[in-house]
Amino acid sequence: LRKWDNDHVWHPFAPMQAFREEKVPIIERGEGFELIDIEGNRYIDGISSLWCNVHGHQVPEVDEAIKEQLAKIGHTTLLGLSSPPSIQLAKALVDRAPGDLSKVFYSDSGSTAVEVAIKLAFQYHQQKAGGPEKRTRFVCMSNAYHGDTVGSVSVGGISLFHRIYGNLLFETIQVPTPVALRTPEGYTRVGYLEHCVAEMERLIRENHEDIAGFVIEPLVQGAAGMQIHPTGYLKRVRELTREYDIPLICDEVAVGFGRTGTFFACEQEEVEPDFLCLAKGISAGYLPLAATMTTDKVFNAFLGEPQEGKTFYHGHTYTGNPLACAAALASLELFEQQNLLEHIGKQTALIAEKLSPLAEHPHVGEIRQKGIMVGIELVGSREGMLAFPTTARMGHQVTLEARKRGLMIRPLGDVIILMPAPAMPLDLLGEVCDITIEAIQAALEFHA
Ligand code: PMP
C-alpha cells in the first residue's frame, strides 16, 4: 500500500517530496475519537479528521441511519426527483438556521457551497434587473479561505493562490481583515482595527452599485490560522450590506455546527445572512455533503420560465445524496440529544486552562481561541515576534512529534491547530492539550 500510495496517490497540499520521505500514516479504522493505521498505531484525532468529525467514529446512531438508508437506496438525484432524507434534512436545517433562510441548495463540498452562493448572488441581481446587471463584483476579506474551485479561490484572499492562479480568477474588492496585525517590532499597529473597519465602510459606500455580494467567514478565519475578528465587526458588515441591499454570504463551512460556541457563528452577533454556506460538520465527517441556504426573497427572483433563463443553472450529480443526508439528520439529532453546545462550553474552558502555561512561552507568539477552534502561533522569538525560518518547518515538526506521542494534528504553517470534535470527552481533550504542549517543547528542543 505504501508503495502504491507513493507511486499513484497525489495528496492535496503536500510538498511534492514530503510523502516520499516521510511515512504517511495509512488510516484503516476509526474508533471513537481515535484513528488506527494499517500497522495498528492509534492516534487521538486532534483536528476531527479535517475539521469535520462531530461525534467520533463508529457512532452507533449515525452508522445505523446510514445502514438503514443503504438498505433502501444509496443514491438518487434531486434533478427532477427527490428523496425523504434530503427533504427532512432541509426542513431540519431551516428550523435551525437564523433569520428567514428557508431554501436549501445541496452540493458536496465547502468549496461548492461557496461557489453556489456566489453564482446565486450574481444571477439574483440579473433576475431582478431582467437582464445583464452591473452588480458583478464581490467584496471579500484579505487572507480568507473559501475553498479551491476557481470561484471560491477568487473570493478568497490567499495571496499565494492569487499569484499562481491569478489569470484564471475574477476580480474582487478586497477589504483588510480586522485582526491585530503586528509590526516587525511585535506591537499591534495603533489604530489598525479602526482602519480596517473604516476601509470596509469606504469600499462598500464607493462601490455599492457594482457589488453582487459580501463574502465572509463569520467571527474567525479558520484556515487563515484562526484569525479572530473583533466583536461587532460582522454586525457592522450586516448593517452596511443591508443599507445598500448587498447580499451577505456567510461561509460557516468551518465555524458552523457549534465550533465557536453557538450552533451557527453568526448567531453570536445576531446576524441574519442572505446566504449561509455549510459543509464539513453537516454530515458529522461521514460523507461528502454541503448546503447553501438562502431566503425566499432570493428564491422568488428565480421564479419563471426556464427558457427565459429563470432557473439556476447548477446541479451536482451527488446533490443531496440520501446516505449523506441520513447521516446529517442523525448527527443533528445527536447534537440536540447530547446537548453538545453545553459540552462545547466546557471544552472551551478546558482548552483555555490547559494551554494557559503556553501564554508566556518564549516561542509562542499568540494563542488564538474561539470556542473549540484553536491556533497556537509559534515564533522564533517572542520578543520582536520574529517568525522561524520557513526551512525549519516548525509547525510540521510539531506535528511529527505529536504523532510519535499518539496525537494527530495538522498545522497551518507555524500555527498549530487544534479542532477537536464537539463530542470529544473532556479527559481525552485534556490529553490532546498535554501532548500538544509536549510536542511543541520536543520540536523546539530538537530545533535548538
Ligand atoms: N470555506 C471554509 C471556511 C473552509 O474552511 C473550507 C475548508 N477548509 C472550505 C470553505 C472548503 O471546503 P471543502 O474543503 O469541503 O471544499
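T317 sits in the loop between α11 and α12. The structure is a predicted model. T317 counts as exposed, because it has 9 C-beta neighbours inside 10 Å, and a residue with 12 or fewer is exposed. H316 also lies in the loop between α11 (296–300) and α12. H316 is partly exposed, with 19 other C-beta atoms within 10 Å, since a residue is called buried only at 20 or more. Leaving aside neighbours within four places in sequence, H316 is in contact with S107, D108 and T112.

An unreviewed UniProt entry carries the annotation "binding site" for G110, S111, D251, H316 and T317. These residues span 208 residues in sequence, and the farthest two C-alpha atoms are 22.5 Å apart, so they do not all gather at one spot.

A further annotation from an unreviewed UniProt entry, "modified residue: N6-(pyridoxal phosphate)lysine", covers K280. Is K280 buried or exposed? K280 has 28 C-beta neighbours inside 10 Å and therefore counts as buried. Its place in the chain is the loop between β11 (275–278) and β12 (290–295). Apart from neighbours within four places in sequence, K280 is in contact with W51, C52, G110, V253 and A254. One of these contacts, G110, is among the residues that the UniProt record covers with "binding site".

The strands on either side of the K280 loop, β11 and β12, belong to an open sheet of seven strands. The order across this sheet is β4-β12-β11-β10-β7-β5-β6, and the pairing is mixed. Its edge strands are β4 (101–107) and β6 (173–175), each of which pairs on one side only. Neighbouring strands of the sheet are turned by 20 degrees against each other on average, direction ignored. Strands of a sheet pair through backbone hydrogen bonds, and they do so either parallel or antiparallel.

Strand β10 (residues 248–251) shows the parallel case on both of its sides. Three bridges join β10 to β11, and these two strands run parallel. Here I249 has F275 of β11 as its bridge partner, and C250 stands opposite L276 in β11. Three bridges also join β7 to β10, again running parallel, with F214 standing opposite L248 in β10.

What lies on the two faces of β10? In a regular strand the side chains alternate between the two faces of the sheet. In β10, L248 and C250 are on one side and I249 and D251 on the other. All four are buried, and both faces of β10 are covered. D251 is also one of the residues under the "binding site" annotation in the UniProt record.

Helix α10 (residues 233–243) lies across β7 (211–216) and β10, running at about 170 degrees to β7. Helix α5 (residues 84–96) lies across β4 and β12, and its angle to β4 is about 135 degrees.

There is also an open sheet of four strands, in the order β1-β2-β3-β15, with mixed pairing. Its edge strands are β1 and β15 (407–408), each pairing on one side only. Strand β1 (residues 27–31) and strand β2 (residues 34–37) pair in the antiparallel sense over four bridges. R29 stands opposite I36 in β2. The hairpin of β1 and β2 has two residues between the strands, and in it G32 takes a positive phi near 60 degrees. On its other pairing, β2 joins strand β3 (residues 42–45) in the antiparallel sense over three bridges. In that pairing I36 stands opposite R42 in β3.

The last stop is helix α13 (residues 340–355). At 1.5 Å a residue, its 16 residues should span 22 Å, and the end C-alpha atoms are 22 Å apart, which agrees. Which residues of α13 are buried? They are L340, I344, Q347 and I351. Seen down the axis of α13, the buried residues fall within an arc of 60 degrees, so they line one face of the helix. An α-helix has 3.6 residues a turn, so residues three or four places apart point the same way. The other side of α13 has exposed residues: E342, K346, A349 and E353. The cover over the buried residues of α13 includes α12 (322–337), β13 (364–370), β14 (373–378), β16 (415–418) and α15 (426–447).

Methods: Residues are numbered from 1 along each chain as its sequence is written. This is a predicted model: local features need pLDDT of at least 70, side-chain atom pairs count only at pLDDT 80 or more; totals for chains, interfaces and linings use all residues. The expected span of a helix is 1.5 Å times one less than its number of residues. The arc is that of the directions from the helix axis to the C-beta atoms. Two residues are in contact if their C-beta atoms, placed from the backbone, lie within 7 Å. UniProt positions are given in the numbering used here, feature names are shortened, and annotations may be inferred rather than shown by experiment. Two strands pair if DSSP finds at least two bridges between them. Axes are lines fitted to C-alpha atoms, for helices over the stretch in contact, and angles run from 0 to 180 degrees between N-to-C directions.
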